[in-house]
Amino acid sequence: MKSILFLLLIPLVVFSQESLCEKTVVLSELYYKENYETFLAEIRQLKEGDENELYYIKAIDFNIAYALFQLNKHEESKAVLLQVLKSESEGPKTNFKCDKSVFVKDYEVENLFLQSNATIMQKSLLLLSDIYFELEEYQLALERLEETVNKTDVRNFYWCGNAFMRDILQYEYRNFRILTELDNIEKANQSGISILFLTMNEDLINKVKSNLLKKYSIREIKDEFKFRIEKIKKGFVFVAGNEIEINYIDFFQYKILLWNTIELDRKDVLYNSLAYRILTK
């Protein structure tokens, strides 16, 4: 009798998995299309229906918090994130899988509900840092950002390829703007200048330029670039809370990271970069 009941339950489980898979695909599409109000309503409905069964409750709560943040509901978002971060446990597990791809404008993107709890915890700290920044609680913003390093093994924190560069950019951009607000300009410069050749963020580059012009002239900045670009180095650099081996150039007392190997042979790539053009005009 038990065997018969077990066999009868299998189709229900498969159906449930397929239904959930479809829901997560639709929700992910709403998220990437930045339709946050509908996304928030739909994901809350999903949470109410499956709260006690699914392993990815942290992912649901994180995405609720993210949607609230995008809708400028910072206090509500903070309250949700603090609950996410309250527990370090992995939580209940199921065999939930989804093999359906999520596409936005013909590009395949990540299903938001197939992320590990470790990833969610790290993203929660980064988002909480952003919330504290918006609330002008800059010291708390810095502490949450630094906590992302303390909770992560450097061998696992950095991936490869674009993900590696993304992690560096996310950390150093946040560090730069927080330290600027705390009036720690020297440390802010270290972060902002380190990613000059990695970023396309004009606002960051212009703020770095404003800081540099307090000590150096445009001519001095241009001359320093020309001299240092011819002397590319490889070595260990402290960046994003960790010491990593990477190509770089010295720049006054700072270091600018180089990512693409093409930059080692074709210096014109650096001279045509957004950072060089903005800083030297």
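Predicted model: local features only at pLDDT ≥ 70, side-chain atom pairs only at ≥ 80, totals over all residues.
Visitor: Okay, how many bridges join β3 to β4, and which way do the two run?

Guide: Seven bridges join β3 to strand β4, residues 242-251, and the two run antiparallel. Zoom out and you get an open sheet of three strands, ordered β3-β4-β5, with antiparallel pairing.

Visitor: Which strands stand at the edges?

Guide: β3 (233-239) and β5 (254-258) do. Each has a single partner strand, so one side of each is left without a neighbour in the sheet. From one strand to the next, the twist averages 70 degrees.

Visitor: And which strands does α9 touch when it packs on the sheet?

Guide: α9 touches β4 and β5, and its direction makes about 20 degrees with that of β5.

Visitor: Now helices. How do I read a packed pair?

Guide: Two packed helices are described by the angle between their axes and the distance between the axes. Take helix α9 (residues 185-194) and helix α10 (residues 202-212): they pack at about 135 degrees, with axes 10 Å apart. Angles over 145 degrees count as roughly antiparallel, and this pair is therefore oblique. The crossing of α9 and α10 is left-handed.

Visitor: Which residues in α9 and α10 meet?

Guide: From α9 you have Ile185, Asn189, Gly192 and Ile193; they meet Leu204, Val208, Asn211 and Leu212 of α10. That contact divides into five nonpolar residues, three polar and no charged.

Visitor: What about α4 and α5: at what angle do they pack?

Guide: Helix α4 (residues 74-86) and helix α5 (residues 117-134) pack at about 150 degrees, again with axes 10 Å apart. α4 and α5 are therefore roughly antiparallel to each other, and their crossing is left-handed.

Visitor: What meets what there?

Guide: The α4 side includes His74, Lys78, Leu81 and Leu85, while the α5 side includes Ile120, Leu125, Leu128, Tyr132 and Glu134. The contact of α4 with α5 divides into 11 nonpolar residues, three polar and two charged.

Visitor: Which residues does Arg144 touch?

Guide: Leaving out residues up to four places away in sequence, Arg144 touches Leu125, Leu128, Ser129 and Tyr132. You've already met some of those names: Leu125, Leu128 and Tyr132 are among the α5 residues that meet α4.

Key:
Residues numbered from 1 in each chain as written. Heavy atoms only, no water. Axes fitted to C-alpha atoms, helices over the stretch in contact; angles between N-to-C directions. Helix = DSSP H or I, 4+ residues; strand = E, 2+ residues; numbered from the N terminus. Parallel < 35°, antiparallel > 145°, perpendicular 65-115°, else oblique. Left-handed = near helix turned anticlockwise from the far one by under 90°. Contact = heavy atoms within 4.5 Å. Nonpolar A, V, L, I, M, F, W, Y, C, P; charged D, E, K, R; others polar. Pairing = 2+ DSSP bridges.
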